[in-house]
Amino acid sequence: MVPLNLDALNPAQREAVTAGDGPILILAGAGSGKTRVLTYRIAYLLSEQKLAAEELLAVTFTNKAAAEMRERLQTLLGPQASRLWISTFHSACARILRQDIERLGYRRNFTVYDESDAASTLSRAIEAANLPGAPNLGAIRVRIDQAKNEGLTPQDLAASEGPNDAVIADIYRLYQQRLHELNAVDFGDLLLLTHQLFQSHPEVLRRWRERFNYLLVDEYQDTNRVQYLLLRALAAGKDNICVVGDEDQSIYRWRGADIRNILEFERDFPAARIFKLEQNYRSTKTILAAAHTLIVHNTERKEKELWTNNESGDPITAFTGNTERDEADFIGREIARLCRESYKPADVVVFYRTNAQSRVIEEALVRRRIPYYVVGGLRFYDQREIKDLLAYLRVISNSADALSLTRLIGTPPRGIGARSIEAMEELAAREGMTLFDAMGRAESESSIALRISRQITALHEWLRDLIARASTMTVRAILEEVIDSSGFLKYLEGLIDGTARRESVSELLSAADIFDADFGGPGGLGDFLERVSLISDADQVSAKGGSVALMTLHTCKGLEYPVVFVAGMEEELFPHSRAQGPGELEEERRLLYVGMTRARRLLYLTNALSRELFGRRQESRPSRFLAEIDPGLIRRAALAPRNEPIRMPSTEPYIDYSESQIAHETNGELAVGARVEHPTFGAGVVRRREGRGEGAKAWVHFDRAGTKLLMLKFAKLRLIAQ
DNA sequence: AGCAACCGTGTTTTT
DNA sequence: CACGGTTGCT
């Protein structure tokens, strides 16, 4: 192995990388080379301190960050990098539980439920319990989730004194019981059950503690209480723990992140050494200064100021539109202008506070034919047909998963309705068997019509047979068999948007292909399902396609772009109306701080005077955050006069990014069959397309106005549906 | 049992 | 406004 070359590091970074054993806190400001330090530290520990790859556990915030770190280490270290545990907290816990969860009474093939699975399980548990006067579902969910993030069991919650905590503790207990019956865990359980495992089985903890001689944690400011407890437990004795973070970038408090973890690290680990990285390599002096004038309005922080050798750069641009559409149009116009100069669409990102804001921005970009992609919002694996198919896979992997089984029975429709399922549930409860096993006895149930019970038996036998063979099959093969024998495709064809749904099915098939290739053969179903459950929005970010990126501010952590727009800088929206408490306000401010510091060269902050919010048009006041930034650093773009008509795309030169343009079209944008809306002609369907690029035209058949030939360059068409 | 149309409801951010 | 859930009809 080549000796590690540390020349690429500045003195502060080098010190942190080469520090010896014991607790280390690296306070790394935005753009200060945090990831670089972390990867070099790992490389240093392996190549200079001669640790084995197996002795390290590195925890990141997203799978994508983990993958990137692994990749960088591959180039620094070579193949041994692939033996490192680099993963998110949730994935690491899932992996630990796969080995040892039997001690908690679950089976190793447990299913990981996503939020909506968990919600319906909870809802059914409440229903079954028949509790009068219970608070509403949402509040209960939030409270249980919080409890799990704090490491609290139902008993612990019962002893705490929040309003309704006693009632909620009962529901929490029932919910856990139900999950246990289904051999399923939710996101919070991954952490909490691992914690409980360590508490109740010291020999297991000892084993893992002996294995991991060194812990590294990225984004430490966003860890919650259980994660902290897990780290304490694993580090105990050696205290070889190195955490990296920046309290100014803590933006997940609402999800249980406890900023005290980082603020009190020195108290928790008295031997801690602290390294500060304050040189920023990313942004211009102006952007950094503006971000600083904003963040000093927070009180819950350690004073520090980033500095940079980069040039001063341009002032920050502020723009105020009359409406959100006006604002979006400015963004589109400005991106078009930048792209005529020295930038590409992929250099640009638009951030917003809420997912709902993306729509009007998308429309503006479509009008200018600027290629873009939206990160987050509707996730691929949340689409109905995908969840339907995953229900099959889950039942095959874990037949106790009655939630997925119920879903499977209903799609495609087989004539087995709620009444029959209820009858089987009763049977199952009576005999102490699973719903799946009850299916095998359906024909002996007098309350189920013979016609239906035969259906049930057939389905049961088919599933049993598939389960028996699944361990020798690839995920792709299982999926294909499910799709072929269940009549799933025929069912999709019958749906209105069947074509789009079939496309996502084939996307799922290729995801399975890729997984099978990675996994190296059959038997990987459980791993596939786990990976799918733990995938996050941020994992999907990619510069592929040369497109402008659109995402919420929460998704933007760890990214950087030459040009950044932050849209919707308005009171009620940002800071959000639901985040008005003092602590929450500081978090909103940090959120903007994180967004601003993603920018390398140009930063735009935009707002609108009136906006459609929650279905109503409302006056909107500029965000207080705008006033907190030093006005000397801001240049105001001309305010559009009231009622000025929105500029037609025809006034803008067409930008041709043919490669990404094609990607856009194959995504189905204005494909034949697409349903669109025209400002004067109303709704219609694209019948035929002619030409491409500048001269592209389309025949559109309008419901009321008949068929028209439109130049896409001019027509203000809005896509309604595929 | 299954579908379509209706109504009402709840709208931040997400591993 | 978009979704889920419910109702009522076939």
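Colleague: Start with the DNA. What does a polar side-chain atom of His-554 lie close to on DNA strand B, and at what distance?
Modeller: A base oxygen of DNA strand B, at 3.2 Å. Keep in mind that this is a predicted model.

Colleague: Which residues are the closest to DNA strand B?
Modeller: His-90, Arg-353, Asn-355, Gly-415 and His-554.

Colleague: Switching to the fold. How many helices and strands does chain A have?
Modeller: Chain A has 28 helices and 21 strands. The chain runs to 722 residues, and 54% of them count as buried. Now take contacts between residues at least 6 apart in sequence. In chain A, 75% of those join residues at least 24 apart.

Colleague: What about aromatics? How many pairs are there?
Modeller: The count comes to 15 aromatic pairs. One of them is Phe-565 with Tyr-604, and that pair is stacked because the ring centres are 4.2 Å apart and the planes are at 10°.

Colleague: Why does that pair tie together separate parts of the chain?
Modeller: Phe-565 is in strand 13 (residues 561-566) and Tyr-604 is in strand 14 (residues 599-613), so the pair ties together parts that are 39 residues apart in sequence.

Colleague: Are those two buried or exposed?
Modeller: Both Phe-565 and Tyr-604 are buried. They also belong to a cluster linked by ring pairs, with Phe-319 and Phe-330.

Colleague: Which rings have an arginine over the face?
Modeller: Phe-110 is one of them, with Arg-98 at 3.8 Å from the ring centre. Phe-269 has Arg-232 over its face, at 5.0 Å from the ring centre.

Colleague: Next, helix 16. How many of its residues are buried?
Modeller: 7 of 10, so the helix is mostly covered. It spans residues 358-367. The buried ones are Ser-358, Val-360, Ile-361, Glu-363, Ala-364, Leu-365 and Arg-367. Helix 16 is followed by Arg-369, which has a positive phi, near 60°.

Colleague: Where is Gly-20?
Modeller: In the loop between helix 1 (11-18) and strand 1 (24-28). Gly-20 counts as partly exposed, at 27% relative accessibility.

Colleague: What does Gly-20 touch, leaving out residues up to four places away in sequence?
Modeller: Arg-41, Tyr-214 and Arg-273. Gln-49 is 29 residues from Gly-20 in sequence, and their C-alpha atoms are 8.9 Å apart.

Colleague: Last one. Which helix holds Leu-76?
Modeller: Helix 3 (residues 63-77). Leu-76 is partly exposed, with a relative accessible area of 23%. Beyond its neighbours within four places in sequence, Leu-76 is in contact with Leu-4, Thr-39, Tyr-40 and Ala-43.

Terms used:
Residues are numbered from 1 along each chain as its sequence is written. Chains are lettered from A and ligands numbered from 1 in the order in which they are written. This is a predicted model: local features need pLDDT of at least 70, side-chain atom pairs count only at pLDDT 80 or more; totals for chains, interfaces and linings use all residues. Side-chain values use heavy atoms; hydrogens and water are left out. A residue is near a molecule or strand if one of its heavy atoms lies within 4 Å of it. A polar contact is a pair of N or O atoms within 3.5 Å; within protein, one must be able to donate a hydrogen and the other to accept it, and residues adjacent in sequence count only if both atoms are side-chain atoms. Rings of Phe, Tyr and Trp (its six-membered ring) pair if their centres lie within 6.5 Å; planes under 30 degrees apart count as stacked, over 60 as edge-to-face and the rest as tilted. Helices (H or I, at least four residues) and strands (E, at least two) are DSSP runs, numbered from the N terminus. Buried means under 20% relative accessible area, exposed over 50%, partly exposed in between (1.4 Å probe, protein chains only). A charge sits over a ring if NZ of Lys or CZ of Arg is within 6 Å of the ring centre and within 35 degrees of the ring normal. Contact means heavy atoms within 4.5 Å.
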